[in-house]
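Please have the sequence and the model open while reading.

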Amino acid sequence: MTRLPLQAALFDMDGTLVDTERVWWEAVERVAGRPLTEADRPEVLGRPVEHTARWLAAGTGRPAAGLAGALHREFADRVRAGVVPRPGALALLDALARERVPTALVTASPRAVADLVLDALGASRFAVTVTADDTEHTKPAPDPYLAACAALGVDPAACVAVEDTETGVASAEAAGCAVLAVPSLAPIAPAPGRTVVAGLEGVTPDRLRSLLPRRLRVMTWNLWYGGTKVRDHRAKQLKVLTEADVDVVGLQETYGSAAEELAEALGWHHHRAGENLGIISRHPVTAALGDPDVGFYGAAGARIRVRGGEVDADVEVEVDVWTVHLDCAPYGPYEAAFDGLAADALTAHEEGRLARLGDALRRIEEGPDLPVVLVGDFNCPSHLDRPDVGWPVTRAAETAGFADSYREAHPDPVREPGHTWSPVHAEHEDGSGRPEPQDRIDFVLHRGLRVLDSRTLVTGGIRPWPDVEDNDWPSDHAAVITTFAVTPAAVCGKSVGDGA
């Protein structure tokens, strides 16, 4: 599975690039007038000056503003006396520069302090600098890292943040970055998406790249009578799949053999269920899920084993992928547009689809605790798109913990409706000339993954029904493709820096 490219490396300053956490600790002790203890760490390490000043004020009764000024002066005096880069820090920054990977400094220190440190490190090493003065909320809020990514024009999911405190780690993870933790004064536990090392010595750009999540691109596609309405449909289907660069495809209307034929032509793996459903995957299928003799409507699943690449080639991640096809009649958008049915009548007519989806959800719940992707042609709108009707099918999936990947990526249904029905039907096919209701009825839902991107797909020349046999796009539905980040579970073990 392809890893995301490393778009940028984002560095905390104090304790990460320069050995200032101890300097800050000593400055706080001086202003507090007492030695600090382990219990004081959460209020001191990784916190902005104003936070620590308010904490000291609460315990001493002294004005917070005066304490903040004293902390600034004590810390700045120590920094001016000389800061020492942490071992390996400058070598890593130089290596990133040689490989033209942008870097940003993201610190909870104020601008005045950051500038002092930058004088020692070399401000030109960083394309962007974000300090406590630059965002409304600083660490542990995600704002500083989001601001740095926005300034660089990069996706947080394709960035690695290097941090030395739990506060900074929380900020970077909340922004969606992978994290390399290099604890300075307090231990940090490993976790999914987070790697803990003793220091930066020996860390290379390739090591940072290895921390990024792997990409899993999942597609749902109704093949429309197996594609037989269009001339040379199999070749056109293969062209679509190859150019889309997808990893797993949930198919509906396979008309028996489409899953096997497509998988064989691509050199992929597949699972076929009944006459209508199939899943094809460039990664091995390790288990067939659901009823293998499912009818034309229903659901089928497959467990996909994804092996890591390069650095973690032996790490495997399993994901369950289900494809569902729900009954096409009665069709709510027709009943609303043509028959004028009220909301309660429309929801009542969803009972058949709701029951069929409920069966699929029950089967999914019987499986192990793995990430799950549920795709398919639901033949009904989403409650996220048309709030005038409480469409119960998509709401049931949401209640079961499934998120709608397209709406995660495109939350505004007016601005980006994401219609999948129908690229070939501008008018209703009864010949009345009535406009065909356009709607989003094909979905890529998920539980336990992270969405990087989602989009609909229709390619090539398309003529409207019934003159479709020479269309480049061999379906009457748009496909939906969602790119997920897949991160293996953290390696179990003792945290670096726990003193043992």
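Six strands form an open sheet in the order S3-S2-S1-S4-S5-S6, with parallel pairing. Strand S3 (128–130) and S6 are at the edges and have a single partner strand each, so one side of each lacks a neighbour in the sheet. From one strand to the next the twist averages 20 degrees. Strands are DSSP runs (E, at least two residues), as helices are (H or I, at least four), numbered from the N terminus; two strands pair if DSSP finds at least two bridges between them. Angles run from 0 to 180 degrees between N-to-C directions, with axes as lines fitted to C-alpha atoms. Strand S2 (residues 103–106) runs parallel to S3 and is joined to S3 by three bridges. Leu 105 stands opposite Thr 129 in S3.

The model is predicted: local features need pLDDT of at least 70 and side-chain atom pairs count only at pLDDT 80 or more, while totals for chains, interfaces and linings use all residues. Residues are numbered from 1 along each chain as its sequence is written, and side-chain values use heavy atoms, with hydrogens and water left out.

The whole structure holds 30 salt bridges, a salt bridge being a side-chain nitrogen of Lys or Arg within 4 Å of a carboxyl oxygen of Asp or Glu. The table gives three of these pairs.

| Salt bridge | N to O distance |
|---|---|
| Glu 173 and Arg 194 | 2.8 Å |
| Arg 215 and Asp 247 | 3.7 Å |
| Glu 350 and Arg 353 | 2.8 Å |

Glu 173 in helix H8 (residues 166–175) and Arg 194 in strand S6 (residues 194–196) are 21 residues apart, and their pair links distant parts of the chain. Glu 173 is partly exposed, with a relative accessible area of 27%, whereas Arg 194 is buried at 19%. Buried means under 20% relative accessible area, exposed over 50%, and partly exposed in between (1.4 Å probe, protein chains only).

Arg 215 and Asp 247 are both buried. Arg 215 lies in strand S7 (residues 214–222) and Asp 247 in the loop between helix H10 (233–244) and strand S8 (248–252), so this pair ties together parts 32 residues apart in sequence. A network of salt bridges links Arg 215, Asp 245, Asp 247 and Arg 282. Glu 350 and Arg 353 are also both buried.
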